[in-house]
Amino acid sequence: MNGRVLPFEGSAHVEADRLLPWLVNGTLCDEERGLVEQHLVDCAQCQREVEWLRALQAQAACDDKTTDAADTHQAVQRLRRRIDAERVGRRVEVRPAGWRRWGRRPWVKGVIAAQAAIILMLGIALIHDSRTAAAYRTLGAAAVPDTRLVVVFDPHLSEAQMRRLLRASDARIVDGPTDAGVYVLSVPSTQTKAVREALRAAPGVSLVEGLDSDRER
Amino acid sequence: MLITQTGTYKTRGGATALDEAALLERVAAEEMDAFETLYRVYHPRLKRFIERMTRQPAWVDEVLDDTMLVVWRKAHTYNHDSKVSTWIFAIAYRQTLKALKRRDAVPEFGQVEDASAVAPGPDVELQQHELRQYLDDALGTLSAEHRAVIELTYYLGYACREIADILDCPVDTVKTRMFYARRKLKVVLAARREAI
C-alpha cells in the first residue's frame, strides 16, 4: 500500500473534495459542512463527485447477507466455551502453587473459617435486605405495566416492515436507536415471552433480549 | 433518574437507554450475561466488517471470536475517551490485520465470485445485484486498509475523526486512503464498463 500521506492544505477545491465522502455520510461538523456546501454551489466537478459517492454509498450499504439469530446464538456459545475453558485453565494454573504455599501455614485454616462465617452472615443480611426493601420507582411510575426488551433490527429492514413487526407484537419503541442500532421496546408484561419468541423467529431481527431479566424471565 | 437493579440501564425523563459503556463495565467485572448481550449487539456488523476487510469468509468466525475475546479480556482498559463502538471496531481492525499478516494473505481479485456468472436480465433487482457485484469485485482490488476506510465510512457511517481513532492513524491518513480508494475504484469500474 502507498503509505504517503497527501498534504490537504491548499485550494478550497482540494480540501472540499477530500471531505466529500463524509458530507455524503452526514458526519461533517457544521463548520466543515458549511465550507463544502459553499464550494459545491459553484463546482460542477464536485457536484458530479457527490453523485458518484452517493451511488457508491447506496451500493456499499447494501447487505445481501443477513445474520440470523441462530447464527449469533451459535457464535455466542462457541465463544462462551472458549472463555469457560480459559477460566478453568486459569484456576488450574493458579491454584496448585498458591494453595500449596499458603496451605503449609497452620493459622490459614482458622482465617479461612472466620472469613467463611463473615461471608455467610453478610449473605444472610443481604437476602433479608433485598426481601424487605421496596423497589425504587419514580413517583409517577405505574405498577409494572410492561416489560422492556432490547432489540436490534437488521440494518436494512424497511420502516414499513419494522412497523408491521411492532404492531403484530403489540410493542412500542421507548428508546433508541443507539449508536449500535439498538432499540428498547415496551411490551405488555403478560405477553413478554410470546413477543420475545415471535421477534426472535421473525426475519430481520438480529437480537432480542430482556432488559429487566428478573421480571420477564 | 432511575437505575435498574442491574445498574446497566438509565432513564432520563422517563425514557430508557441502553448504556453500552455500563454494559462494558459489567463485562469488565466478568459478567457473562452482559458479554453475551454485547456480543449479540455487535455480531452482525463485526461479521460484515471482518468479511469485507479479509474477503475470506472462512476466516470470519475465528477473527470475530479473537476480537470479542480481546473485548472480554480488555474491557477494564476502556477509558471512555471514545465511543464503545469505536473502541470495539479498533480491536476488530487490529485483529483482522493480524489475521491477514499471519496468513500472509493478499486476497486476489480472481478469488471473488465471477460477476459474469450472474445472468443479466431486465429485472431491476438483478441489475442492482450485478452492480453490487461489480463494486464488490472493484473493492477486491483495494488493500484491506482501503476497504476498511470505505466500509467504516459508507456502511458503518463513522466520521473521519472516528475512523482515525479506529485505525490509530492521523486524520490526513484516513483522507489519503479514501482518496486513493476512490480513485482506484473509479479506474476499475471504468475498465469494467469498457469491457462489457
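Val150(A) stands opposite Val184(A) in strand 3 of chain A. This is a predicted model, in which local features need pLDDT of at least 70 and side-chain atom pairs count only at pLDDT 80 or more, while totals for chains, interfaces and linings use all residues. Residues are numbered from 1 along each chain as its sequence is written, and chains are lettered from A and ligands numbered from 1 in the order in which they are written.

Strand 1 (residues 146-153) of chain A and strand 3 of chain A run antiparallel and are joined by 7 bridges. Strands here are DSSP runs of E with at least two residues, helices are runs of H or I with at least four, and both are numbered from the N terminus. Two strands pair if DSSP finds at least two bridges between them. In general, strands of a sheet pair through backbone hydrogen bonds, either parallel or antiparallel.

Strand 3 of chain A also runs antiparallel to strand 2 (residues 172-175) of chain A, with 3 bridges between them. In this pairing Ile173(A) stands opposite Leu185(A). Strand 3 (residues 182-188) of chain A is mostly covered, with 5 of its 7 residues buried. A residue is buried if 20 or more other C-beta atoms, placed from the backbone, lie within 10 Å of its own; it is exposed if the count is 12 or fewer, and partly exposed in between.

Strand 1 of chain A is joined to strand 4 of chain A by 5 bridges, and these two strands run antiparallel. Here Val152(A) stands opposite Leu207(A). Together the pairings give an open sheet of 4 strands in chain A, with the order 2-3-1-4 and antiparallel pairing. Strand 2 and strand 4 (205-210) of chain A stand at the edges with a single partner strand each, so one side of each has no neighbour in the sheet. Direction ignored, neighbouring strands of this sheet are turned by 35° against each other on average; angles otherwise run from 0 to 180 degrees between N-to-C directions, and axes are lines fitted to C-alpha atoms, for helices over the stretch in contact.

Helix 2 (residues 32-54) of chain B lies across strand 1, strand 3 and strand 4 of chain A, and runs at about 165° to strand 4 of chain A.

Within chain B, helix 3 (residues 57-74) and helix 4 (residues 84-102) pack at an angle of about 130°, with their axes 9 Å apart. Helix 3 of chain B and helix 4 of chain B are therefore oblique to each other, since angles under 35 degrees count as roughly parallel, over 145 as roughly antiparallel, 65 to 115 as roughly perpendicular and the rest as oblique. Among the residues that meet are Trp59(B), Val63(B) and Val70(B) in helix 3 of chain B and Ile88(B), Ile91(B) and Ala99(B) in helix 4 of chain B.

Each chain can now be taken as a whole. Chain A has 8 helices and 4 strands, and 22% of its 217 residues count as buried. Chain B has 8 helices and 3 strands, and buried residues make up 40% of its 196 residues. From the N terminus on, the elements of chain B run β-β-β-α-α-α-α-α-α-α-α.

Terms used:
Two residues are in contact if their C-beta atoms, placed from the backbone, lie within 7 Å.
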